[in-house]
Structures are given as C-alpha cells and as structure tokens.
Amino acid sequence: MFYMNHNLDTSLIRTFVAVADSGSMTAAAHHLHLTQGAVSQQVKRLEDLLGCPLFSRDRRQLRLTASGERLFGKAKRLLGLNDEIWADMTVSTVTGRVRLGVPYDLVGTILSPVLKAYTEAWPQVDVSLVCASSPDLATALAKGEVDLAVIEEPLGPSAGECLAIEKLVWVGARAGVAHEKRPLPISMVTDTCAFRPLVLHALDARGIAWRTLFENGNIEATRATVRTDLAVTAWLASTVPSDLDILEPDAALPDLPSFAINLHLPRSGASAATLEFARFIRAGLLRQRNAA
C-alpha cells in the first residue's frame, strides 16, 4: 500500500511553540525576530496544513485548543531532536576562548546552570566572564571586549535575540518598612544599571521622593542593604533571592515595566566556540521557562 509522505516545516513548528509558550503573537514575534503579521501567517499556514485550529483567543491571551494541546508536546520534542541532530552533525570539537558579558544579577541565577553545562561539555574552551551593567556590556561588545553578551533591555526593537521577557519588581526585606520611608531609599548595583532610568521615572511620575543609597557595582552589597531593610531595589522577578520579598505595587510604590533578556552576538566573525555558547544559552533559558 502506498502512503503519501507529509513533511512538517520546522519553522512553522518553531513559531507555533513560541506562540504557545508566550500566549501572545506579539511576544512570539519579538522572540523570533519576525513581524506580528508574519507570525500570524505562519500559524495560519500550519493550521491549514493540519486542518484544525490550534489556538482560541480570549480577552487577554491566546490559548491552545484541544488540537493545539495534542501538538504542543510532540512539537517541542520534534524541535529538540532537530536541534540535537543539527548540533551533532555540524559542531566539531570546540576549542579557543569565549568572553561572555553578563549583568551582575544574572550570573548566579539564570545563567549559572548554562555556564556549568557549557564548561562540562567543552572543557577545552577557556571561558571568561565579564560582569557589568547592560549598557556597559553593549559598549564592550561593540568594542570587541567581549565575544557575546546577555543584555537586559526595555521591551521594543533590539539588535539582540529575545530569550525571555521578565517583569521588573520591587524587592525589600522580609516584613521590612524601607518602602514606606520618604525619600524612598533605593539601592542599585550601579549607576549605569539598565533598570535605573525607568525605576526613577516611575517614581518621579508618581511624585515619590527618592534617594540612592548604594551604586558601586557590588551585587552582594546591594543585597545586604536590602536584607537589612536599609533600602529597596528593583530586580527581575526570577532573580529575587528566596530570603527577600517581592513588594506589590500599591500606593507606596508604582508599577514597573517588563524587560527583555536579549542575546547579542557580534555582527561578524563569531568563533565556533562563541556560536556554541550562544546555543547553550538559548537551550538553557528555554528549559528554565518550560520548568517554571
């Protein structure tokens, strides 16, 4: 008996998974570096190929239909196998040196498992970490002082690849009162922190007086000033230590925006070790999102 071969387009599958993971065409477009229209068209093409709707829409986000739920798990396994085959067949022994630029708050949280996995997979690569604020890392990449960088940026157009979107939150001591003080004492890791302008703008817009308590590039000292209730700070939700509290926006504190965690590579000349590191970072953050 003759069976017709039907081949799935992995680019359509990747778009479907991005939309399903984020629940939003806009967020998926940002992640995939596509327009929202292109994402919508690719989802429609996949639905036409499979002959069933994959998403339903409510007021706030897209939701998977029963058919979409059936496809989702298999689609992720398909992409994982695709990426594994590609890596196995195209990546030879990786050697050399990689200088990775990382913001202070991401080193010991989001990126720690990725760094461990990469150094175990490629022990012959000499890995160097450059910790700095996101604006300073962007400058270092442009100057060739780092080979790739993970950069926190406000949502919007970016030259980088969006790995995740995180809510910026207020952080304070357990049962602390620093958030009630005026002027509001704020501890920031550095005066070039990417969060600083938006945090101060949010306070100014609400007419809340503030003063900076600490800004000298030491995240442990920042954490200590918050833990001892000397000040509050603003961090991405996933990076908040378990011994500190996320403070809800209310009359005392304004709401804060979300930020993109973007991967930036040089425009040309990236080494095999650098490209392989970028692959590990993408895969590592995807696993963390799926586990959340």
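User: Which residues of α2 meet α3?
Analyst: Met25, Thr26, Ala28 and Ala29 in α2 meet Gln36, Val39, Ser40 and Val43 in α3, where contact means heavy atoms within 4.5 Å. Keep in mind that this is a predicted model, with pLDDT of at least 70 needed for local features and 80 or more for side-chain atom pairs, while totals for chains, interfaces and linings use all residues. Residues are numbered from 1 along each chain as its sequence is written, and side-chain values use heavy atoms, with hydrogens and water left out.

User: At what angle do the α2 and α3 axes cross?
Analyst: Roughly 105°, and they come within 8 Å. The axes are lines fitted to C-alpha atoms, for helices over the stretch in contact, with angles from 0 to 180 degrees between N-to-C directions. α2 and α3 are therefore roughly perpendicular (65 to 115 degrees).

User: How about α1 and α3, where do their axes cross?
Analyst: At roughly 110°, coming within 9 Å.

User: Switching to strands: in what sense do β7 and β8 pair?
Analyst: Parallel, over four bridges; pairing takes at least two DSSP bridges. Ile186 has Thr212 in β8 as its bridge partner.

Key. Helix = DSSP H or I, 4+ residues; strand = E, 2+ residues; numbered from the N terminus. Parallel < 35°, antiparallel > 145°, perpendicular 65-115°, else oblique.
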